[in-house]
Amino acid sequence: MTEPHPLAGADLGSRTVRYDERDAILYALAVGAGASDLDLVFERRLRVLPTFALTLAQWAPDVLAGRGAWDVATALHGAQRLQVLDPLPASGEVLMTARVGDVWDKGSAAVFDVVVQSRYFRATWSIFAPGRGGFGGSRGPATPASSEGVPDVETTLPTFATQAALYRLTGDRHLIHIDPAAAAAIGQPRPILHGLCTLAAAVLRIAAVTGAHPADVLELGGRFAAPVLPGQVLDLQLWTGGGAGTAFRAVHAGTPVLTAGTVRFQDSR
Ligand SMILES: C[C@H](O)CC(=O)SCCNC(=O)CCNC(=O)[C@H](O)C(C)(C)COP(=O)(O)OP(=O)(O)OC[C@H]1O[C@@H](n2cnc3c(N)ncnc32)[C@H](O)[C@@H]1OP(=O)(O)O
């Protein structure tokens, strides 16, 4: 018999978050949009990147952290899923509700799923919380299978040196992304990039090489397998053959940093 975690299924409340075109454009620039990506950076023809929704929902994992679920100094974003229900308008407000989903017991760590729902999207954060396992719960599903064989497309995914400093202005101001001492405390040589920034940057690159529009994402997921440092150039590998969209992973110097990636764009339906 396994014990459910006391926070599994807990209601995290609801929140309405407002944003405007400037927020959406700043976000697009922070995840790597260029000046010529006019649909993403020019208010006269703006399309909002679906992953921008994840910045609007940052309050939800923060509420759970505030209840003491994990130590904010050591917890890491482990994985993310996003399902798009309706495109975000160029500006407006979004009402979201959040709850704790599953809580898995990995022995030395716990993995908390935080589920956020709105009329525009449904998203699940998986937060890896060292020191919070051992409560007698289930280990949960096995590590997702990685893509096998030679990728159909291999390209680079550049990140830039100021990327975490810029991306944090879109909402996630955890110290490991800006403060060298906080990064050192988790064993990193310098502040690390937000997992959601790497994921969104990968979507831009995948859209560019597959001919999709990055605002047309319908479904997205991936696991953050190792930290990325701003400025690193990643190797992005794509498997485009599957009917369910594109599978991908990103590797740095032989180490997978983003694994079990999947993205489906509207055009690929
Ligand atoms: C709070 C911030 O603002 C949010 C952020 O953006 S943080 C930055 C983005 N995230 C990161 O950089 C995290 C990168 N990932 C890592 O460093 C490592 O994967 C990790 C420290 C999370 C786990 O590594 P490690 O302790 O070696 O775990 P490992 O021994 O491989 O696996 C232990 C168990 O946890 C699971 N697990 C490992 N990594 C996981 C992940 N990323 N997400 C969810 N589960 C994970 C494994 O499946 C395994 O479970 P199993 O035994 O039942 O199969």
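**Close-up views of a predicted protein model**

The protein carries 22 positive and 24 negative side chains, and the centres of the two sets lie 2 Å apart. Here Lys and Arg count as positive and Asp and Glu as negative, with His and the chain ends not counted; the place of a charge is NZ of Lys, CZ of Arg, CG of Asp or CD of Glu. This is a predicted model, in which local features need pLDDT of at least 70 and side-chain atom pairs count only at pLDDT 80 or more, while totals for chains, interfaces and linings use all residues. Residues are numbered from 1 along each chain as its sequence is written, and side-chain values use heavy atoms, with hydrogens and water left out.

**View 1. The whole fold, before we zoom in.** Seven helices and ten strands make up the protein; helices (H or I, at least four residues) and strands (E, at least two) are DSSP runs, numbered from the N terminus. The radius of gyration is 18 Å, close to the 18 Å that the globule rule gives for 269 residues, so the protein is as compact as a globular protein of that length. For that comparison, the radius is taken over C-alpha atoms, and the rule is 2.2 Å times the number of residues to the power 0.38. Along the principal axes, the C-alpha atoms fill a box of roughly 55 × 45 × 40 Å. Of the 269 residues, 49% count as buried; buried means under 20% relative accessible area, exposed over 50%, and partly exposed in between (1.4 Å probe, protein chains only). Among contacts (heavy atoms within 4.5 Å) with a separation of 6 or more, 71% join residues 24 or more positions apart.

**View 2. Strand E5 and its two partners.** Strand E5 spans residues 121–130, and seven of its ten residues are buried. Strand E2 (residues 76–84) runs antiparallel to E5, joined by eight bridges; strands pair if DSSP finds at least two bridges between them. Look for Ala 79, whose bridge partner in E5 is Ser 126. Strand E4 (residues 109–117) is also antiparallel to E5, with nine bridges, and Val 111 has Phe 128 as its bridge partner in E5. E4 and E5 form a hairpin with three residues between them.

**View 3. Helix H4 and its packing.** In H4 (residues 59–66), the buried residues are Trp 59, Ala 60, Pro 61, Leu 64 and Ala 65. They pack against strand E1 (11–19), helix H3 (52–56), strand E3 (92–105), E4 and E5. After the helix comes Gly 68, with a positive phi near 85 degrees.

**View 4. Leu 95 on strand E3.** Leu 95 sits in strand E3 and counts as exposed, at 54% relative accessibility. Not counting residues up to four places away in sequence, Leu 95 touches Ser 14, Arg 15, Thr 16, Gln 117 and Ser 118. Arg 119 is 24 residues from Leu 95 in sequence, and their C-alpha atoms are 7.7 Å apart.

**View 5. Two alanines with positive phi.** Most residues other than glycine have a negative phi, which makes a pair of backbone angles worth a look here. Ala 253 has a positive phi near 45 degrees, lies in the loop between strands E9 (246–252) and E10 (255–265), and is exposed at 71% relative accessibility. Ala 260 has a positive phi near 50 degrees. Ala 260 belongs to strand E10 and counts as partly exposed, at 23% relative accessibility.
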